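Please read them with the sequence and the structure open.

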Amino acid sequence: MEERTKTLQASKTFLKHRKEDLERILLEEGILLRTNQSIQAEGSFGDLKQDMQFRGYLNKGTVNVLAESMLLVMARNINKLHNKVQNGKIGTHLFPIKCA
């Protein structure tokens, strides 16, 4: 068999965006946002299970489960927006940003 070598190349714009993203992530503000992100994700699943009484998917199949998930997420986001409008908290974070 002949010897073959493969090379993988990434576009210049991809590498540029990747570098900019890495710089943003490593900034102090990026670190604080990432520490708070883990807290916010747990609350979302708890809201779906407790507040919206979600116990399982009603449909089978990847496409149907994805569609049902999207509907659940949209309903939760509309509910969050409604609560923020009612409480006058538009433009604020869910939790105050922690200090390192």
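1. Helices (H or I, at least four residues) and strands (E, at least two) are DSSP runs, numbered from the N terminus. On that basis the protein chain has 3 helices and 0 strands, and its elements follow one another as α-α-α from the N terminus.

2. This is a predicted model, in which local features need pLDDT of at least 70, side-chain atom pairs count only at pLDDT 80 or more, and totals for chains, interfaces and linings use all residues. Residues are numbered from 1 along each chain as its sequence is written, and side-chain values use heavy atoms, with hydrogens and water left out.

3. On overall shape, the radius of gyration of the protein chain is 21 Å, whereas a compact globule of 100 residues would have one near 13 Å. The radius is taken over C-alpha atoms, and the globule rule is 2.2 Å times the number of residues to the power 0.38. Along the principal axes, the C-alpha atoms fill a box of roughly 65 × 45 × 20 Å.

4. Burial is scored by relative accessible area: buried is under 20%, exposed over 50%, and partly exposed in between (1.4 Å probe, protein chains only). Of the 100 residues in the protein chain, 9% count as buried. For contacts (heavy atoms within 4.5 Å), take those between residues at least 6 apart in sequence: 49% of them join residues at least 24 apart.

5. Next, the second largest pocket. A 1 Å grid is laid over the protein atoms alone; a pocket is an open set of points with protein on both sides within 12 Å along at least five of seven lines, whereas a cavity is a set where a 1.4 Å probe fits but cannot get out, and lining residues have an atom within 4 Å of a point. The second largest pocket holds about 160 Å³ of space, where a volume is the space filled by probe spheres set on the points, joined across faces, edges and corners.

6. Which helices each supply at least two residues of this lining? They are H2 (28-50) and H3 (62-87), and H3 gives the largest share, with 5 residues. Among the lining residues are Ser44, Phe45, Leu48, Arg76 and Asn77. By class the lining has 6 nonpolar, 3 polar and 1 charged residues; Ala, Val, Leu, Ile, Met, Phe, Trp, Tyr, Cys and Pro count as nonpolar, Asp, Glu, Lys and Arg as charged, and the others, Gly among them, as polar.

7. Phe54 and Tyr57 also line this pocket. The structure holds 1 aromatic pair: the ring centres of Phe54 and Tyr57 are 5.1 Å apart and the planes stand at 75 degrees, so the pair is edge-to-face. Rings of Phe, Tyr and Trp (its six-membered ring) pair if their centres lie within 6.5 Å, with planes under 30 degrees apart called stacked, over 60 edge-to-face and the rest tilted. Phe54 is buried at 16% relative accessible area, while Tyr57 is partly exposed at 42%.

8. Ser69 lies in H3 and counts as buried at 18% relative accessibility; its C-alpha is 8.3 Å from that of Tyr57, 12 residues away in sequence. Asn77, also found in H3, is partly exposed at 42%, and its C-alpha is 9.9 Å from that of Ser44, 33 residues away along the chain.

9. Gln53 counts as exposed, at 58% relative accessibility.
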